[in-house]
Amino acid sequence: MNWNLDNLLINFQKIREQIIELKFFGEEPLHTQSENVTIEEGKEISKKLTSALLKYRKITGVGRGIASPQIGLRKNVFITYVGDKIQTYINPVIIKRSEETNFYRELCMSSSLIWADIERPEEITMKWTDENGEKHEKIFNDFMARLLQHEEDHLRGCVCLDKAISKTI
């Protein structure tokens with residue numbers, strides 16, 4: 001992505017025009033707790049999320065995940081795009097967080113042009129169901145731990161800007 005202001009504004013306009021379902025900071029249901037879903041509902045939501053994320057990536061060249069509240073649905077589903085692969089997480093729950101933390105400047109599809117430094121645990125353990133109905137429990141660290149926490153926060157009604165370290169926006 002070209003990070004100069006003119007290009008950022010042009011891309012933001014394209015996003016608003018081409019991904020009309022995308023919600024932005026301050027809009028509902030980004031600040032509302034999501035609800036659990038069935039596997040079938042999760043699959044359908046995953047398709048919508050995939051479409052929105054791929055459109056966003058085509059416009060900007062970035063984007064690693066999207067959660068259902070970001071397209072106006074209060075449902076416990078998000079997807080990630082890592083290693084050219086979409087992974088669906090249905091009814092995910094972080095069950096353990098490390099005491100060790102790190103800081104990183106995060107950008108969110110729903111905060112448009114605004115970055116902020118966010119402190120997060122370095123390691124998490126998460127449970128979820130995939131689109132085939134298989135249950136998983138796995139430990140994640142580094143980049144994946146941060147990405148999954150970011151997306152899971154959306155399901156709890158939290159946008160990364162809500163967690164911004166003072167004076168880093």
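**Largest pocket and a helix pair**

Helix α3 gives the most to the lining of the largest pocket, supplying seven residues. The model described here is predicted.

**The largest pocket**

- The volume of the largest pocket is about 580 Å³.
- Its lining is made up of 24 residues, and those closest to the centre of the pocket are Arg64, Tyr104, Glu106, Leu107 and Phe143.
- At least two lining residues come from each of α2 (39-60), β4 (101-107) and α3 (142-155).
- By class, the lining holds 10 nonpolar residues, seven polar residues and seven charged residues.

**How α1 and α2 are arranged**

- Helix α1 covers residues 5-18, and its axis comes within 10 Å of the axis of α2, with the two crossing at roughly 155 degrees.
- Angles over 145 degrees count as roughly antiparallel, so α1 is roughly antiparallel to α2.
- The crossing in which α1 passes α2 is right-handed.

**Where α1 and α2 meet**

- On the α1 side, the residues in the contact are Asn11, Lys14, Ile15 and Gln18.
- On the α2 side, they are Lys55, Tyr56, Ile59 and Thr60.
- Sorted by class, the contact of α1 with α2 has three nonpolar residues, three polar residues and two charged residues.

Methods:
Residues numbered from 1 in each chain as written. Predicted model: local features only at pLDDT ≥ 70, side-chain atom pairs only at ≥ 80, totals over all residues. Heavy atoms only, no water. 1 Å grid on protein atoms, 1.4 Å probe; cavity = no way out; pocket = protein on both sides within 12 Å on 5 of 7 lines; lining within 4 Å. Points joined across faces, edges and corners; volume = space filled by probe spheres on them. Helix = DSSP H or I, 4+ residues; strand = E, 2+ residues; numbered from the N terminus. Nonpolar A, V, L, I, M, F, W, Y, C, P; charged D, E, K, R; others polar. Axes fitted to C-alpha atoms, helices over the stretch in contact; angles between N-to-C directions. Parallel < 35°, antiparallel > 145°, perpendicular 65-115°, else oblique. Left-handed = near helix turned anticlockwise from the far one by under 90°. Contact = heavy atoms within 4.5 Å.
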